[in-house]
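Subject: Structure handover, with notes

Hi,

Here is the structure I promised to pass on to you. My notes follow below it, with the cut-offs given as each term comes up.

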Amino acid sequence: MLSDSGSSASPGTIPVTLTVNGQERRLRVAPWTTLLDLLREELDLTGTKKGCDHGQCGACTVIVDGKRINSCLALAVQKDGARVTTIEGLSSGSLHPVQAAFLEHDAFQCGYCTPGQIMSAVALIEEGRARSRDEIREHMSGNICRCGAYANIVDAVEDVLKGKSSSRSSSVREAAE
Amino acid sequence: MATPSRYVGTAQSRQDGPAKVTGAAKYAAEFTAPDLAHGVVVSSAIAKGRITAIDTRAAEAVPGVIKVLTHENKPRTAWLDYNYRDQVAPPGSPFRALNGPEIVYGGQPVALVVAESFELARHGASLVKVTYDEEVPNTDLEKNRGAAYVPPKKRSGIKPPPDPRGDAAGAFDKAPIQLRQEYRQAIEHHNPMEPHASTVVYEGEGKLTIHDKIQGVNNTQGYVCGVFNLKPDDVRVITPYVGGGFGSGLRPQYQLYLAVAAALDLKRSVRVVLTRDQMFTFGYRPETVQTVALGADRDGRLQALTHDAVAGTSTFEDYQEAVVNWSGLLYHCPNVTLDYKLAKIDTYTPSDMRAPGAVTGIFALESAMDELAYATGVDPLELRLRNYAERDEGEGKDFTSKALRAAYEQGAARFGWSKRKAEPRAMRDGRELVGWGMATGVWEAMMMQSSASATLMPDGKLELACSTADLGTGTYTILSQIGADALGLDLDRVTTRLGDTALPEAPLAGGSWTAASSGAAVQAACRKVAETLFGYARGMADSALANADFAHVTFADGEIRLQTDPSRKVGIADAMRAGGVATVEATETVKPSMLTAMRYSAYTHSAVFAEVKVDEELGVVRVTRVVSAIAAGKILNLKTARSQILGGVVMGIGAALEEESMLDHNLGRIMNHNLGEYHVPVNADIHDIEVIFVDEHDDKVSPLGVKGLGEIGIVGAAAAVANAVFHATGKRVRELPITIDKILA
């Protein structure tokens with residue numbers, strides 16, 4: 001929680017500076033607050049989802065300093081000085097190519113795992129580890145989709161990898177950095 | 001009025017897609033209020049007994065903890081069970097959280113800690129000390145089979161098994177081929193990705209705005225009004241997005257009750273979100289033990305069929321689903337006896353989970369049919385064609401339509417079924433055994449009463465609205481497609497609003513009935529708008545449509561045109577001007593045809609073909625290929641429809657190979673209550689899935705000819721996989737899920 005939230009009950013707060021979606025945020029955060037809860041409850045960035053709070057489902061995936069992580073498993077105070085990109089920071093105006101590919105390939109249904117899937121896919125593409133459909137499947141397996149959109153998720157990621165789905169913009173790299 | 005299909009029947013991207021891929025879509029736990037407090041549920045540590053003491057002092061002493069609600073201080077709520085019974089409640093006495101010291105199932109909520117922040121509430125919850133007087137729980141279905149009973153009171157909307165036809169026992173004894181086997185379905189939990197959550201915004205003077213995870217906002221509203229004695233006008237429920245339901249969101253769950261109770265008690269806004277662990281503390285697909293006996297002649301023609309099932313239910317409600325009915329429907333057979341019983345165990349009440357009953361019953365029937373195929377030496381597909389039912393022999397009715405034969409043919413052709421070697425263990429790919437199996441799927445095609453509104457705006461945009469939910473099913477998009485075609489508008493000029501009790505009432509999103517029901521309501525409302533517009537157009541001075549008849553016009557490109565002479569036309573905007581109106585609005589209600597229901601049976605069908613590869617040393621099964629051929633009447637949106645079937649198949653693969661909530665019968669608790677130990681399919685588990693929609697014209701089933709797609713994709717998928725596992729390994733596993741230990745046993 002933020003120091004200015006008025007709560008007298010926090011077990012002491014710690015100053016933390018985060019760059020969230022390109023914007024520097026100076027915050028005071030309780031040591032028990034996860035990065036996920038900070039994003040959702042304090043910064044109103046509810047695009048990042050809580051599916052299990054145990055690092056088992058991937059719905060909370062965000063990109064921190066270029067790497068995809070489960071934000072439910074990170075305490076916010078551990079990430080002092082980090083650059084955090086959430087689904088809300090992936091695009092401005094037009095959709096990011098991965099977002100556009102998810103839309104085109106119907107790579108989601110209920111939409112709840114979708115931000116995590118997209119952030120994971122953006123980072124995976126940057127990791128350069130996925131060259132085949134089987135590799136996409138393997139490296140996207142930390143993100144559960146209960147609606148079962150997996151086949152379409154693989155299609156969407158493959159499409160972006162092949163550079164088919166509009167031109168792959170530099171924003172992919174930016175977001176992953 | 002002619003309605004050309006410019007959008008209906010085509011592939012369209014989801015209208016709710018941009019909100020979902022940008023994170024803008026808000027789910028129940030993502031609405032907030034300036035005075036929001038957070039509630040965390042304390043769950044019972046025992047499955048049966050009584051609370052002897054509950055000490056909340058340590059929790060209440062934490063600065064920022066506002067209140068701890070327990071059975072000792074919870075607000076007064078309605079007395080009668082009637083007030084707690086929601087739209088789809090089975091017979092019995094609905095569970096009431098914090099109603100008293102009795103513990104009736106493991107994980108039952110025993111307290112709600114409300115605090116200024118989520119973390120404080122969670123910390124407070126860890127400090128609540130509960131002392132129990134523990135009894136031995138009774139959760140083993142096997143031990144309770146002897147006490148199974150025919151549910152005395154039938155659940156509304158669920159047909160009990162039909163009366164026997166012929167003499168199944170006698171015919172079985174005389175049949176040259178006799179098979180009798182037992183099949184078992186494990187408990188499964190829905191596990192939608194969005195945990196159940198309710199945000200209750202206290203608007204003052206007893207008025208509430210509720211954002212609840214529910215598959216139909218009217219059910220939440222009715223429940224809250226009944227339980228808390230509030231007026232519908234004072235309770236508005238708004239849930240535009242639902243992060244997966246699969247049936248878990250049909251009934252209001254206990255987090256809603258607790259959040260409303262706390263909000264009314266504290267006179268401030270409260271949000272309660274369940275943890276993933278707590279997602280295992282309410283409804284589930286029940287464990288079901290089934291016996292199927294097939295008597296057949298040597299050519300595989302069925303002479304006798306009996307199908308008995310015993311399913312678990314809670315001690316307080318008689319949950320029922322149609323498990324065995326399908327066996328009297330799917331094949332031609334003169335002698336059929338079906339039986340469905342319940343056995344009470346100390347768990348929460350089961351709830352509808354995607355294709356409830358059909359997943360369970362069809363696994364048993366279609367496994368048994370596969371066994372019959374091997375017993376008679378008849379190809380599994382040929383066996384099903386030999387026993388094809390031309391009529392619903394259980395009810396003695398014709399089908400509104402049944403293109404299952406085409407599904408068999410097209411599915412088999414695409415899969416390459418004719419290349420299958422009949423013998424088990426005859427196909428191999430390197431170190432892996434290859435197996436091909438198939439099964440039939442069936443689900444009821446239903447339509448419910450639904451209302452919807454259509455409003456043509458001054459800027460020519462059309463807004464459609466009804467209260468049902470889009471769980472990812474594509475409802476937003478298909479309703480807009482129907483509206484766009486009805487009034488000849490571009491699709492991007494049509495929007496649909498859902499999930500709000502202020503909108504015309506539509507049924508819960510479940511049972512695969514939403515497209516048929518709310519789709520027909522939207523079409524009716526648009527037709528009314530069209531009639532109004534036509535009236536204005538014809539009344540204009542020197543109207544080009546002066547003597548035209550409504551039946552002979554068509555709406556296209558923002559104009560009303562005479563079909564025989566499109567040069568005779570009136571612009572919609574001109575018609576509205578002539579009528580002196582800024583908007584044209586209509587609300588219509590549609591109902592299913594009782595006459596059709598009396599005369600005909602309406603079902604969707606599927607033919608599912610699966611390829612598995614089995615590593616015999618490791619016992620690992622991979623489903624490498626599935627072809628699902630679907631006969632479901634008119635398909636409204638090829639893109640979202642395909643996704644519905646893909647998702648059903650994926651969940652079917654989960655049922656076949658992975659999903660099982662395991663009870664520790666000593667403790668009466670589920671052991672694997674998280675996504676690390678309750679396995680659902682992940683991306684690497686899923687390979688090629690092909691979906692075929694066969695042509696099936698149906699002018700009886702519903703006004704649009706739509707049958708619905710939410711369930712049919714999962715039905716038969718587990719049996720097809722199980723049958724493929726047998727073909728690969730020669731090992732018949734009759735208990736789902738088919739886990740490694742069963743392959744290696």
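Buried area, as I use the term here, is the accessible area (1.4 Å probe) that two parts lose on being put together, summed over both. Two words on the ground rules before the findings. This is a predicted model, where local features need pLDDT of at least 70 and side-chain atom pairs count only at pLDDT 80 or more, while totals for chains, interfaces and linings use all residues. Residues are numbered from 1 along each chain as its sequence is written, chains are lettered from A and ligands numbered from 1 in the order in which they are written, and side-chain values use heavy atoms, with hydrogens and water left out.

**Between the chains**

Chain A and chain B bury about 4,500 Å² between them, and carbon and sulfur atoms carry 55% of that area. On the chain A side, A:Gln109, A:Arg146 and A:Tyr150 supply 19% of the area buried against chain B, more than any other three residues. Counting contacts (heavy atoms within 4.5 Å), 51 residues of chain A and 61 residues of chain B take part.

Side chains of opposite charge can pair when their charged atoms come close. I call a pair a salt bridge when a side-chain nitrogen of Lys or Arg is within 4 Å of a carboxyl oxygen of Asp or Glu. There are 7 salt bridges between chain A and chain B. B:Arg14 and A:Asp106 form a salt bridge, at 2.6 Å from N to O.

**Inside chain A**

Chain A is split into domain 1 (3–89) and domain 2 (97–176); the bounds come from an automatic or database domain assignment. Each side of their contact is given by 19 residues from domain 1 of chain A and 19 residues from domain 2 of chain A. About 1,400 Å² is buried between these two domains of chain A, with 55% from carbon and sulfur atoms. A:Ile63, A:Arg68 and A:Ile87 supply 45% of what domain 1 of chain A buries against domain 2 of chain A, more than any other three residues.

The count between domain 1 and domain 2 of chain A is 1 salt bridge.

**Inside chain B**

The assignment for chain B gives domain 1 (17–24 + 447–591), domain 2 (31–136 + 193–244 + 249–280) and domain 3 (146–188 + 284–446 + 598–744). Domain 1 and domain 3 of chain B have C-alpha centres 39 Å apart, and 17 residues from domain 1 of chain B are in contact with 17 residues from domain 3 of chain B. The buried area between domain 1 and domain 3 of chain B is about 1,300 Å², 62% of it from carbon and sulfur atoms. How many salt bridges cross the interface of domain 1 and domain 3 of chain B? The rule finds 0.

Over all chains, the search finds 69 salt bridges. One of them pairs B:Glu142 with B:Arg184, with the closest N and O atoms 2.5 Å apart. B:Glu142 sits in helix 4 (residues 141–144) of chain B and B:Arg184 in strand 7 (residues 177–185) of chain B, so the pair ties together parts that are 42 residues apart in sequence. Helices (H or I, at least four residues) and strands (E, at least two) are DSSP runs, numbered from the N terminus.

B:Glu142 is partly exposed at 37% relative accessibility, whereas B:Arg184 is buried at 15%. For these words, buried means under 20% relative accessible area, exposed over 50%, and partly exposed in between (1.4 Å probe, protein chains only).

B:Arg236 and B:Asp500 also meet in a salt bridge, at 2.5 Å from N to O. B:Arg236 is in strand 10 (residues 235–237) of chain B and B:Asp500 in the loop between strand 20 (494–497) and helix 12 (514–538) of chain B, so this pair ties together parts 264 residues apart in sequence. B:Arg236 is partly exposed at 36%, and B:Asp500 is buried at 5%.

Have a look and enjoy!

Best wishes
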